[in-house]
Amino acid sequence: MKISIEQLNKIYTNGNWALKDINLEIPNGMFGLLGPNGAGKSSLMRILVTLMKPTNGKVTVNDQYDLMKNRREIRAMLGYLPQDFRFFAKLKTWEFLDYTARLAGMKNRARREEAVDRMLEEVGLFEARDRNANRLSGGMKRRLGIAQALINDPKIIIVDEPTTGLDPEERIRFRNLLSNISTRDVIIILSTHIVGDISSTCENVALLNKGKLAFTGSPSDLVREAEGKVWQIQATEKEYLEINDKFPVITTIPSDYGWEMQVVADEINGYYGKPIEPNLEHAYVYFMEKKLNQWTSA
Ligand SMILES: Nc1ncnc2c1ncn2[C@@H]1O[C@H](COP(=O)(O)OP(=O)(O)O)[C@@H](O)[C@H]1O
Ligand SMILES: [Mg+2]
């Protein structure tokens, strides 16, 4: 599977420019779309699932299907978990899945029931199948959300901020669930504003900020970009305030002489410190704060 995005733009009718000249290739496996609120993640996803048209640009699936011309073919390949996934109807957990399976066009009742049971098993909700879907815990609801996205065996799975509001345990569980699925011949696009969501599971990531693609590549490529740009500074009480003004600060720990601070900077002229090995979170901050400010001031 492959999705090719060329020169994609989205300008909302009120003038909000949500996506700016996006060029991106998305290969098989898990793809992390990382960016802060308002970056354009949901806009991009709504375009990919054909719920919204781009202002201009082109999206092709497998060099064969054009998103604008082959909407039906592409829809048949899609599973989608929207950011604001909610239930309205009062249905039992299995009834809800059965309902979405019918919507997805699974007409044969026996086959549908089998698919529903298999899906409930896969997301760990089989025990809860007779519970009212509205009464499930947050994490369970999210798993039901992914189940409804997967029921029709989609080739392209798009999940929009699925971990928001989950506790750490549920987060890990959800991540493992997705990464199991990503071993099949599928594309999973996962959006998040939390770096930890993508570090271990995504082969490729794209960073979006203010509608622009700030980076695309593997997580380790991303980290490499921040090499030499992350510093550990030993700061006095007075310097602490200056440094907070001057640099994006990642962590601050009290120490004997004042503060030990990790900051992102090209240089730290005048302060006492040394460069340290960047991690993914450092790299994220570097791209969001540093690169973007360079671009906007240029
Ligand atoms: N329906 C809409 N009408 C106008 N502007 C919108 C609409 N939806 C989103 N936006 C704007 O587009 C930008 C990107 O939003 P969104 O795609 O929701 O970002 P993200 O999902 O990364 O938080 C934001 O500035 C947002 O305010
Ligand atoms: Mg969003």
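Helix 3 and helix 4 cross in a right-handed manner; a crossing is called left-handed if the near helix is turned anticlockwise from the far one by less than a right angle, and right-handed if clockwise. The axes of helix 3 and helix 4 (residues 109–122) come within 10 Å and cross at roughly 125 degrees. Axes are lines fitted to C-alpha atoms, for helices over the stretch in contact, with angles running from 0 to 180 degrees between N-to-C directions. Helix 3 is therefore oblique to helix 4, since angles under 35 degrees count as roughly parallel, over 145 as roughly antiparallel, 65 to 115 as roughly perpendicular and the rest as oblique. Helix 3 contributes W94, L97, D98, A101 and R102 to the contact, and helix 4 contributes R112, A115, V116, M119 and L120. Two residues are in contact if their C-beta atoms, placed from the backbone, lie within 7 Å. By class, the residues of this contact are seven nonpolar, no polar and three charged; Ala, Val, Leu, Ile, Met, Phe, Trp, Tyr, Cys and Pro count as nonpolar, Asp, Glu, Lys and Arg as charged, and the others, Gly among them, as polar.

The model is predicted: local features need pLDDT of at least 70 and side-chain atom pairs count only at pLDDT 80 or more, whereas totals for chains, interfaces and linings use all residues. Residues are numbered from 1 along each chain as its sequence is written, while chains are lettered from A and ligands numbered from 1 in the order in which they are written.

Helix 3 (residues 93–103) also meets helix 5 (residues 138–150), their axes coming within 9 Å and crossing at roughly 30 degrees. Helix 3 is therefore roughly parallel to helix 5. The crossing of these two helices is right-handed. On helix 3 the contact involves T93, F96, L97 and T100, and on helix 5 it involves L144, A147 and Q148. These residues comprise four nonpolar, three polar and no charged.

The domain assignment, which is automatic or taken from a database, gives domain 1 (2–222) and domain 2 (224–297). Twelve residues of domain 1 contact ten residues of domain 2. Helix 8 (219–225), strand 9 (204–209) and strand 10 (212–217) each give two or more residues to the domain 1 side, and helix 8 supplies the largest share, four residues. Helices (H or I, at least four residues) and strands (E, at least two) are DSSP runs, numbered from the N terminus.

Around ligand 1 lie Y12, N14, N16, A18, G35, N37, G38, A39, G40, K41, S42 and S43, each with its C-beta atom, placed from the backbone, within 6 Å of the ligand. Helix 1 (residues 41–48) gives the most to this shell, three residues.
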